[in-house]
Amino acid sequence: MSESLKKIIKGAIILSLVFLVGSFFAPNVSAWTAWSKNSKGQFVNNKGKVIEGATMKGIDVSKWQGDINWEKVAKTDVDFAIIRCGYRKNGKNYTDEYWEDNVEGCVENNIPYGTYIYSYAKSTTDAKKEANHVLKLVDGKNLSFPIYYDMEENSVASLGKTKIGKIAYKFMDTIKAQGYQTGVYANLNWWTNYIPSTVATDNYVFKWVARYNSYLGYKGAINMWQCSSTGKVKGIKGNVDINFWFGPYKPEWFTRNVGASLIKPPAKAKITSIKAGKKKLTVKWKKVKNAIGYKIKYATKKSWSNKKTLLVKKNSVKLKKLKSKKKYYIKVKAYVLKENNKRLYGNWSKRKSKKTK
């Protein structure tokens with residue numbers, strides 16, 4: 001063996017020994033990502049410290065997030081979503097432009113969801129009207145989290161704790177009377193200085209606290225913490241709020257149990273065929289038992305951002321005036337009529353696609 005070869009082998013042995021010794025004495029640092037899970041499956045903050053008691057990670061969304069690809073969101077570590085349904089201001093009701101789309105996205109991708117309304121109420125009368133607005137929007141929806149009352153409007157702060165407490169309870173009592181679970185959302189400043197102790201210590205109120213910090217810093221018992229407004233989640237462009245649920249969770253806790261519809265939703269629809277024509281598609285699906293009609297959704301984008309919808313009575317439809325030689329994505333769902341003559345939908349069919357001629 002040549003001297004040069006002996007030196008190479010000797011050097012390799014020394015390097016291997018250095019690596020092994022270094023690995024043995026190196027600190028055991030768990031891999032982690034901010035506001036996600038570490039290698040042990042524990043949720044951590046933006047410094048890698050375990051968030052004690054956190055059991056689920058969620059997001060809250062509104063029109064400010066724009067079109068959301070919920071299929072991508074479902075593949076992340078997000079466990080649930082709280083969706084803004086709307087608000088009431090200057091005597092008028094407003095629905096969040098993306099309320100229905102976001103609910104639909106969660107349902108289609110099996111993401112549990114709840115909702116919230118931003119409050120401008122300055123009286124119990126206002127609070128009841130805000131609650132009734134929410135009740136109209138959630139009618140027919142299957143919530144898996146509470147309905148939250150967002151209380152942080154500066155123009156309301158001067159009313160004082162007593163009146164703010166009455167406003168909060170009027171909203172929650174109106175919601176509870178219809179069988180829904182409810183709670184209050186507010187930032188740390190409001191929970192500390194404006195929300196009365198009657199609300200803060202009420203075990204029947206679901207408490208959601210916002211504080212954008214590494215640590216919650218709130219001494220009272222809570223159910224959810226909004227820890228960041230600059231979260232990043234695949235499927236959402238830009239920033240999104242990140243939340244953590246504390247303690248156990250069971251979706252049946254939030255099942256509406258008073259005044260619920262006696263009519264059951266129809267079964268899931270199933271598309272059986274799609275035939276392509278020149279700038280048109282003929283779609284057929286299996287009849288759904290007891291269905292009164294069907295809703296069809298079609299778009300050229302998987303995200304459904306350019307979707308169109310229509311209602312039909314039969315189990316087939318001809319989609320006309322489409323783009324030539326373009327792939328379309330299609331879904332269909334059945335509906336029945338409830339006691340109030342409002343439509344109660346079943347689940348969407350699996351997404352199908354076909355290219356026009």
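Me: Is R351 buried, partly exposed or exposed?

Reply: Keep in mind that we're looking at a predicted model. Buried means under 20% relative accessible area and exposed means over 50%. R351 has a relative accessible area of 28%, so it counts as partly exposed.

Me: Which side chain does R351 meet in a salt bridge?

Reply: The general idea first: side chains of opposite charge can pair when their charged atoms come close. Here R351 pairs with E71, at 3.2 Å from N to O. E71 sits in helix α2 and R351 in the loop between β16 and β17, so the bridge ties together parts 280 residues apart in sequence. E71 is partly exposed too, at 32%.

Me: How many salt bridges does a search of the whole structure find?

Reply: It finds 9. One of them joins K57 and D77, 3.1 Å from N to O. That pair links strand β1 to the loop between α2 and β2, 20 residues apart. K57 is buried at 5% relative accessibility, while D77 is partly exposed at 26%.

Me: What does K331 form a salt bridge with?

Reply: With E108, the closest N and O atoms being 3.0 Å apart. K331 belongs to strand β15 and E108 to helix α3, so parts 223 residues apart in sequence get tied together. Salt bridges with shared partners also join E104, E108, K297 and K331 into one network.

Me: Which elements do the buried residues of α4 pack against?

Reply: Helix α3 is among them, as are β2, β3, β4, β5 and α6. The buried residues of α4 include H133, V134 and L135.

Notes: Residues are numbered from 1 along each chain as its sequence is written. This is a predicted model: local features need pLDDT of at least 70, side-chain atom pairs count only at pLDDT 80 or more; totals for chains, interfaces and linings use all residues. Side-chain values use heavy atoms; hydrogens and water are left out. Buried means under 20% relative accessible area, exposed over 50%, partly exposed in between (1.4 Å probe, protein chains only). Helices (H or I, at least four residues) and strands (E, at least two) are DSSP runs, numbered from the N terminus. Contact means heavy atoms within 4.5 Å. A salt bridge is a side-chain nitrogen of Lys or Arg within 4 Å of a carboxyl oxygen of Asp or Glu.
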